Amino acid sequence: MTEPLSEAHLSAGAPGAGAAPPPGCPAHTAVHPDAVPMMGPRFQNDRAQLYRELRREHGPVAPIVLPGDVPGWLVLGYRELHNITNNPALYSRDSALWNMWPEIPADWPLLPMVGKQPSILYTVGERHQRRSALVSDALDSVDPFELRDHAERFADVLIDRFCGRGDADLIGEYAKALPAMVLARLYGFGDTEGAELVPHINALVNGTEGALEGRDRIMNDMKRLLRERQTRPGADVSSAIQEHEYSGEFTFDEIVEDMMVNIIAGHNPTADWIGNTLRLMLTDDRFAVSLSGGRHSVAEAMNEVLWEETPSQNIAGRWATRDTQLGNKRIRQGDLLILSFAAANADPQIRPDQHTFTGGNNAFLSFGHGDHRCPYPAQDIAEGIARTGVEVLLDRLPDVDLSVPPRTLAWRPSPWLRGLESLPVHFTPTTAAGGHG
Ligand code: HEM
């Protein structure tokens, strides 16, 4: 089971299958005869063309089928996605509304992604607003200068490990470590504790061996840290969340869940943002110049990635609270809608000329939209880590270059998160910097 756990916003909670359908739910929603499987190599290697074909055949909302013959809708249209995320009363984040629960086996592989979990992700209404304020304000307490310092220091620590060799895999040895180390530090873990969490977070999000043990380890460490901060608060996110005026409205376990979302949901897409940006800069002539000089195009490359190769390409999801019409499709109460941020970003209705350089335009939907969008301070933290990570790497290894032909770079086989398996590079070996102090 490699794919299901690799969703960006994988929650820490236990999934809940087999519950009764909501009252009035139409029994057994059938798979649409033209449904497209939400899996397979086209999502990996040919997704822009796939989205174009789906749009041509089905319009802005396409019927899909998930593993186990489970039906759903893939929302491809920018306008439709906007409409859904702006209208939580009709398109809810509450997965308990799903009309397929009676059909879902306890071992359904996507349960970690769409299960009923007690975190901010699936909370709705006024309670979500207060929970969202709690998380947002706690993340907003992060000082941007401190963030940059930690990101520089950990970037140096990681580069020091391979800079003498003259070659590296920038995904496994760099991008997939840096965000977790920085986030762990911001949340209040010590440097060593944070570094020790990295393999567990990656095992969890990749669904590789040790995923469940990894989840237990992160959860236990998080609980211990939060308990410590109850008696000895510090200048960190774990203290800020517990000192917040709304924290008394949520149980200790709910706060643990949200901190788990923040470390897992924070690490994974930020790692892919770094990896996809480095790939773009190493393979696309428009950005090549920055490798040896100007920094301004790091920001441009990062922006381009959010349009063209956004880390959270498809997210599950929203559930219709009543029968409705979306695009040209009849959606039934309790139907699952998968939000295709990647397809919406390429919608010809908003980008008639797909090849126009997106430079600086932030109208992408890559961080979502509406009440459940990625909290603004979280976006700033992701940006700070990713940008520092790319800049420090290019500063330290100015002649870094790909070790393999660009066409051989492989995307991970997931329709959910967009990121590379590996990014092998070579460069002139250098001595360790010993950290930025
Ligand atoms: C490149 C990096 C990131 C991307 C592309 C990204 C993307 C997203 C998206 C698309 C959503 C909306 C999901 C939905 O509408 O259902 C979301 C939600 C969320 N993100 Fe991020 N995210 C990133 C980094 C982060 C970081 C660094 C943190 C924490 C420090 C974070 C914390 C959250 C949380 C807590 C939510 C849930 C909001 C809610 O349901 O109210 N994200 N993110």
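**Labels and cut-offs**

Trainee: Why is Tyr51 called buried?

Mentor: Tyr51 has a relative accessible area of 4%. Buried means under 20%, exposed over 50%, and partly exposed in between, with a 1.4 Å probe and protein chains only. So Tyr51 is buried.

Trainee: What kind of model is this, and how is it numbered?

Mentor: It is a predicted model: local features need pLDDT of at least 70, side-chain atom pairs count only at pLDDT 80 or more, and totals for chains, interfaces and linings use all residues. Residues are numbered from 1 along each chain as its sequence is written, and side-chain values use heavy atoms, with hydrogens and water left out.

Trainee: Where is Tyr51, and what does Tyr51 touch?

Mentor: Tyr51 sits in helix α2. Helices are DSSP runs of H or I with at least four residues; strands are E runs of at least two, and both are numbered from the N terminus. Beyond residues up to four places away in sequence, Tyr51 touches Phe43, Leu74, Leu76, Gln313, Asn314, Ser340, Ala342 and Ala343. Contact means heavy atoms within 4.5 Å. Tyr51 and Leu74 are 23 residues apart in sequence, with C-alpha atoms 9.9 Å apart.

Trainee: What makes β2 and β3 a pair?

Mentor: Two strands pair if DSSP finds at least two bridges between them. Strand β2 (residues 61–66) and strand β3 (residues 70–75) have six, in the antiparallel sense. So they pair.

Trainee: How do you know that the length of α10 fits a helix?

Mentor: The expected span is 1.5 Å times one less than the number of residues. Helix α10 (residues 211–231) has 21 residues, so it should span 30 Å. Its end C-alpha atoms are 31 Å apart, which agrees.

Trainee: What does α10 pack against?

Mentor: Its buried residues pack against α8 (178–187), α9 (191–206), α11 (237–243) and α12. Among those buried residues are Ile218, Met222 and Leu225.

Trainee: Why is Cys374 called a donor to the iron?

Mentor: Donors are N, O and S atoms within 2.8 Å of the metal (3.2 Å for Na, K and Ca); water is not among the atoms, so sites may look incomplete. The SG of Cys374 is 2.4 Å from the iron atom of the ligand. So Cys374 qualifies, and it is the single donor from the protein. Cys374 lies in the loop between α15 (341–345) and α16 (376–396).
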